Amino acid sequence: MIEIERADALGEAYRRRIADVWVRGFAEDFAYFSSDPAVLGEAFAHLLLLERWYVALVDGEPAAVACVAEGDEEVLQPRAAEFRRHLGLLHGTITHLIVRSQFLGGHDGARPGLVEIGFVTTAPAYQGRGVATALMRHLLALPGYDEFVLRDIKDTNAAALGLYAKLGFTESGRRAVRGARRAGFAEYVSMRLVRD
């Protein structure tokens, strides 16, 4: 059975498990910070502003996560001291600077009623079981929003692009990636859904 909860309702006891789903889902993207998922989970757990994250639970275990932000709301709150504690002085400082420059900041067209959904990922053990679909349907049913935006989906992520299209999202833009050959994909895709 899949249940959806806001992360702050689950509480601090779930913080690390939520972070583990997030860092495992983005392990390839976060590899610069550490290739060890346990280290990443420890280093990144503090980042999550739990009131902005939603969790799909399967039998009580976090299986998929996503965050939502309206306007200038942030979903992460990086603290240099936490990164340094887990990654060392130099690497922790660099990680803090990268996270602040790459992961903070709202959607350019931010306005009341428009929500950005981000960092959608499913733990590997739960992929292909409808967990991300259930999570996304829950987010799309949240009251008070008339437009939903997804940014920076890799053009090679066919599963995510297919899911979002199935849910009614349409492509709203593409952004070329520098060093595409090394990165393994050419463009970031943005999508949007406008509710009638």
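Trainee: How many aromatic pairs does the count come to?
Mentor: The count comes to 15 aromatic pairs, and keep in mind that this is a predicted model.

Trainee: Can you pick one? How are the rings of Phe30 and Phe44 placed?
Mentor: Their centres are 5.1 Å apart and their planes are at 50°. Planes under 30 degrees apart would count as stacked and over 60 as edge-to-face, so this pair is tilted.

Trainee: And where in the chain are Phe30 and Phe44?
Mentor: Phe30 is in the loop between α2 (15–25) and α3, while Phe44 is in helix α3. They are 14 residues apart, and the pair links distant parts of the chain.

Trainee: Is Phe30 buried or exposed? What about Phe44, buried or exposed?
Mentor: Phe30 has a relative accessible area of 2%, so it is buried. Phe44 is buried as well, with a relative accessible area of 0%.

Trainee: Which residues form the aromatic cluster?
Mentor: One cluster is formed by Trp22, Phe26, Phe30, Tyr32, Phe33, Phe44, Trp53, Phe83 and Phe119. Your two rings, Phe30 and Phe44, are among them.

Trainee: Switching to helices. How do α3 and α4 cross?
Mentor: The axes of α3 (residues 37–44) and α4 (residues 80–87) come within 8 Å and cross at roughly 155°. Angles over 145 count as roughly antiparallel, so that is what α3 and α4 are to each other. The crossing is right-handed.

Trainee: Which residues make the contact?
Mentor: From α3 you have Val39, Glu42, Ala43 and Phe44, and from α4 there are Phe83, His86 and Leu87. By class, that contact has 5 nonpolar, 1 polar and 1 charged residues.

Trainee: OK, next neighbour. How do α4 and α5 cross?
Mentor: The axes of α4 and helix α5 (residues 89–103) come within 7 Å and cross at roughly 140°. That makes α4 oblique to α5. This crossing is right-handed too.

Trainee: Who is in that contact?
Mentor: On the α4 side, Ala80, Phe83, Arg84 and Leu87. On the α5 side, Leu89, His91, Gly92, Thr93, Thr95, His96 and Val99.

Trainee: And how do the residues of the α4 and α5 contact divide by class?
Mentor: They divide into 5 nonpolar, 5 polar and 1 charged. Look at Phe83 while you're there: this residue of α4 is in the contact with α3, in the contact with α5 and in the aromatic cluster.

Notes:
Residues numbered from 1 in each chain as written. Predicted model: local features only at pLDDT ≥ 70, side-chain atom pairs only at ≥ 80, totals over all residues. Heavy atoms only, no water. Axes fitted to C-alpha atoms, helices over the stretch in contact; angles between N-to-C directions. Helix = DSSP H or I, 4+ residues; strand = E, 2+ residues; numbered from the N terminus. Parallel < 35°, antiparallel > 145°, perpendicular 65-115°, else oblique. Left-handed = near helix turned anticlockwise from the far one by under 90°. Contact = heavy atoms within 4.5 Å. Nonpolar A, V, L, I, M, F, W, Y, C, P; charged D, E, K, R; others polar. Phe/Tyr/Trp six-rings, centres within 6.5 Å; stacked < 30°, edge-to-face > 60°. Buried < 20%, exposed > 50% of the residue type's maximum accessible area, 1.4 Å probe, protein only.
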